[in-house]
Amino acid sequence: MDMKATTVDCLETIRTTAPLVHNITNFVVMNPSANILLALGASPVMAHSRKEAADMAAMAGALVLNIGTLAEKWIEAMLLAAKAANQRGIPVILDPVGAGATSYRTRTVKHILDEVKISVIRGNASEVLSLAVDDVMTRGVDSSLSLSDEIVDAAGTIARQHGCIVAISGENDVITDGGRVFRVANGVPLMTRVTGLGCGLSAVVGAFCAAARHDLLTAAAAAFGFYGLCGELAFETSDRPGSFFVAFLDSLYTAGSAEIDERLKIE
Amino acid sequence: MDMKATTVDCLETIRTTAPLVHNITNFVVMNPSANILLALGASPVMAHSRKEAADMAAMAGALVLNIGTLAEKWIEAMLLAAKAANQRGIPVILDPVGAGATSYRTRTVKHILDEVKISVIRGNASEVLSLAVDDVMTRGVDSSLSLSDEIVDAAGTIARQHGCIVAISGENDVITDGGRVFRVANGVPLMTRVTGLGCGLSAVVGAFCAAARHDLLTAAAAAFGFYGLCGELAFETSDRPGSFFVAFLDSLYTAGSAEIDERLKIE
Amino acid sequence: MDMKATTVDCLETIRTTAPLVHNITNFVVMNPSANILLALGASPVMAHSRKEAADMAAMAGALVLNIGTLAEKWIEAMLLAAKAANQRGIPVILDPVGAGATSYRTRTVKHILDEVKISVIRGNASEVLSLAVDDVMTRGVDSSLSLSDEIVDAAGTIARQHGCIVAISGENDVITDGGRVFRVANGVPLMTRVTGLGCGLSAVVGAFCAAARHDLLTAAAAAFGFYGLCGELAFETSDRPGSFFVAFLDSLYTAGSAEIDERLKIE
């Protein structure tokens, strides 16, 4: 499969159709997530009331759930929205922010996975692997771990267990459905020094999945690659976090087939 | 009426008196709304608890209600704040974000309009016209419509029905009280690719109304014109959304009578 | 005491250990507070659910409470988190945003001070002095007051009354434990034209206190000095609020011992 062509296709579809991406996400990243989606060419909407979450999700091209600043009523809204999305075959992305850090978050993510069908789980290694079966957990999992074979194996186990795609961000990213495995080498470390760039990637995965519903695995991998190369482009403008983020938004808006052809590193 | 002089007067009043603008607004735009008001020279405050909403509104120069990330308790706080503002003759701006998209939002906006006196409704065409009488609705209303005579007529009907000013953002803006009609030709399309710039305009209309309570119609038109020309100035610095927004905040802070004299397009 | 050496030490500790700073803060500033902490080198987390606030605080190097967009359930979460922090000797910073403006806020701050042990109160003069005994209040307190001897005296009284450090931002800052008094002359007026820079300073005080728990008074003074000099550095890049804030984040990331040696003004 030619991932460069796939990525260009997804991007052009997003820019010509501006898919609606419904986010139920945390307070810290609502603003940058919306700006990231707008710069990319998608149409963001944030709506968390239980009175409209299902209505909004039913209209969307993708639904993105993010547990970063969790509260009870929001979980109910997430489930209502996800059920509406599931009924219509709309992809649902789950970002398990901080899973593993408190038992409340870990329990909540498992509850969501039990109640609704998730298309893609997108997080860092420690978040995602906190969802793994116990014998994996006890080996000790840390977000600072490199994406060893052991982690790739655990990601595949989670993917098969939940019938979803597992996408782990790190120095190198891994995206797998439990069968095929994509590895993405794009991105720069400074992306971890701007708040919301991980959550923003989950939103962008949503936009790419909305644009290519027929193959969510390649769509998710393409999202990771494009997002990372926009970080590389921004880093050429600035190596400092304030001006880097400004340049990153600019890159999401301007980068296209030439940049993808030159820089995309997915295998 | 000399709209350039009016706009300069409003701006100077804002910059010398720093009117308090009380916002009960959505999570996505709280931060940019506050920064937009500060850059302009106003004093923003955000407060949504039912325990203080009325107290805060009573101290303000204007109250701005925005339903972007709606929830039940917030609606109650909006009504308490608006009633306190109504009692004191403080202008109340309503931004019906997403009205027409879900029935919950449309119902909520109509409920607010029934319960309290709104001074200015500020939204895009589809949001505002979702409030119109049914026979207008069934003709089909879309935010991509240009501001045809039909839309201007519908805006006037809504304005007369609610005894308020209706201000519609679009490629050309229309501001009417159901009698007089102002058309504003300032602004650039890139403003739609930064989240919160519509909501920020509602906040700026609040600041201008606080500065010129004797004529809210011209104050609202002046706000639209000044806001749009700051967008034009920013676009001369950057045609990319990240750096455009930074330049836009800078323009709100620096633009003055020279820029107004040269660029304001209100008729 | 050599405050320059202290400031360099704190900063290096932050950058090498990345202390976790748990914020229960207002919606307007969550994003810039997280970005300010990340640029500085600390690890921010925001968590306000009563179901995890205590767990999260127990893991943190410092807890920062900010009442900027207050609501009942958040106050309960603040108390749960602060009690968990108190049990473990984790510093707790309180930012009494808007205290004195509404009775709800003033009452809430006094309730927090009654229920839990606060390490540092950080606010402007009118906010902090609204907490003073009644005979101080009746003399009239305004945020526009310069930090007169009278205000320094009142700050000392509050510090002794609550057994905490009182840190007041203004044209010149005052930080006192009721005995020693530090005065900080760093900073630029444009910092008041960007939303959340006061709240961001409270978060940075949290990071410095996490890095130097043995002497919170000097840690707080060092935080004020470093934060102000980063404002000065940013102002050399831009005198306009949008680009100033971008440059400010960049300065928090890049400024070090050379800038501290050249610019720090604490006595």
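This is a predicted model: local features need pLDDT of at least 70, side-chain atom pairs count only at pLDDT 80 or more; totals for chains, interfaces and linings use all residues.
Residues are numbered from 1 along each chain as its sequence is written, and chains are lettered from A in the order in which they are written. Local features need pLDDT of at least 70, side-chain atom pairs count only at pLDDT 80 or more, and totals for chains, interfaces and linings use all residues.

Me: What makes strand β3 (residues 62-66) of chain B mostly covered?
Reply: A residue is buried if 20 or more other C-beta atoms, placed from the backbone, lie within 10 Å of its own, and five of the five residues of β3(B) are buried. A62(B), V64(B) and N66(B) point one way, while L63(B) and L65(B) point the other way. In a regular strand the side chains alternate between the two faces of the sheet.

Me: How do you know that β3(B) and strand β4 (residues 92-95) of chain B pair?
Reply: Two strands, which are DSSP runs of E with at least two residues, pair if DSSP finds at least two bridges between them; β3(B) and β4(B) have four bridges, in the parallel sense, and N66(B) has D95(B) as its bridge partner.

Me: Why are β2 (43-46) and β8 (181-184) of chain A said to stand at the edges?
Reply: The sheet of chain A is open, with eight strands in the order β2-β1-β3-β4-β5-β6-β7-β8 and mixed pairing. Each of β2(A) and β8(A) has a single partner strand, so one side of each is left without a neighbour in the sheet.

How values were computed: A residue is buried if 20 or more other C-beta atoms lie within 10 Å of its own, exposed if 12 or fewer, and partly exposed in between; C-beta atoms are placed from the backbone.
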